Amino acid sequence: MSCTKCGFTRTRRRIVGGYETKKKEIPWIVVLLYNGRFYCGGSLINDLYVLTAAHCTSGFRKEKMTVRFLEHDRSVPNDTKTIDRKVSQIIRHLRYNPSNYDNDIAMLKLSERVDLSTALKRVRVEETGVEDENDVGLRPVCLPLAGLSYNNETALVAGWGTTEEGGSVSNTLQEVQVPIISNNECRLTAYKNRITENMLCAGEKTGGHDACQGDSGGPLHVRNATTEKHHIVGVVSWGEGCARPDRPGVYSRVNRYLTWIKSNTRDACYCK
């Protein structure tokens with residue numbers, strides 16, 4: 001199957017303290033619906049599977065779940081031309097621990113493949129500064145590289161979650177930049193030894209920017225400055241409050257699960 005490259009956003013260049021994305025700017029991010037209502041996020045990683053958090057699947061029936069692609073403003077019908085898929089299988093990590101959110105990662109197998117060959121030829125950003133406005137195709141996010149800590153990288157988290165602690169979920173897709181901190185540094189925060197090696201922390205000591213309720217399952221990306229590709233290094237998992245000082249956002253560390261992901265998605269087509 002011909003397929004568009006992974007990890008490219010459409011532009012050059014709960015989310016608390018963030019800003020609204022452009023329409024279809026992040027073409028792999030999905031809305032998860034349960035009985036037609038938004039409740040979590042996720043990311044397309046190939047033509048058949050979406051990566052999300054295990055707690056977004058625990059206690060939920062696949063028959064009542066819908067995966068929606070290319071959404072932007074959930075309050076405006078037909079704001080963008082969206083694509084819906086049902087879920088044929090939930091693959092939750094067998095060692096997921098709901099008491100401490102260790103191994104909080106899952107995949108949703110789509111009822112039908114999505115077409116990754118429909119994106120028109122990518123206009124070279126280096127030459128034009130923008131992408132082809134007619135490019136409406138889906139793109140998967142790239143998986144992270146094995147063995148990298150991603151410490152001190154500036155990452156981008158996106159979602160439709162609440163824009164302040166205790167607030168309402170956002171109608172439009174929001175994104176915010178947060179610095180990734182080491183696990184040792186994260187254990188010096190209020191979380192202490194609740195941080196396992198399967199987790200990744202991102203946020204400022206003073207707070208102010210974070211994911212929040214409703215962003216669960218969504219992506220934390222790092223952009224490779226050389227290739228311009230976005231790699232999904234984290235899945236929004238948990239945190240105490242939102243954007244509080246000394247309480248960074250906590251994510252499932254995706255490159256701890258590369259073997260698990262690949263072994264459970266052998267029937268899928270990956271883009272390079």
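**Close-up views of aromatic contacts**

**View 1. Lys262 and the ring of Tyr270.** In this predicted model, the charged end of Lys262 is placed over the ring of Tyr270, at 5.1 Å from the centre of that ring.

**View 2. Tyr191 and Trp238, one of the aromatic pairs.** The search of the whole structure returns 5 aromatic pairs. One of them is formed by Tyr191 and Trp238, whose rings lie 4.8 Å apart centre to centre with 55° between the planes, an arrangement classed as tilted. This pair links distant parts of the chain, since Tyr191 belongs to the loop between helix H2 (183-186) and strand E10 (199-202), while Trp238 belongs to strand E12 (residues 230-238), and the two are 47 residues apart. Tyr191 counts as buried because its relative accessibility is 1%, and Trp238 likewise counts as buried because its relative accessibility is 12%, the cut-off for buried being under 20%.

**View 3. Tyr257 and Trp260, an edge-to-face pair.** The rings of Tyr257 and Trp260 form an aromatic pair with 6.4 Å from centre to centre and 75° between the planes, and the pair is therefore edge-to-face, as planes over 60 degrees apart are counted in that class. Tyr257 is buried, with a relative accessible area of 3%, and Trp260, at 15% relative accessibility, also counts as buried.

**View 4. An aromatic cluster of Tyr34, Tyr39 and Phe60.**

Technical notes. Residues numbered from 1 in each chain as written. Predicted model: local features only at pLDDT ≥ 70, side-chain atom pairs only at ≥ 80, totals over all residues. Heavy atoms only, no water. Phe/Tyr/Trp six-rings, centres within 6.5 Å; stacked < 30°, edge-to-face > 60°. Helix = DSSP H or I, 4+ residues; strand = E, 2+ residues; numbered from the N terminus. Buried < 20%, exposed > 50% of the residue type's maximum accessible area, 1.4 Å probe, protein only. Lys NZ or Arg CZ within 6 Å of the ring centre and 35° of its normal.
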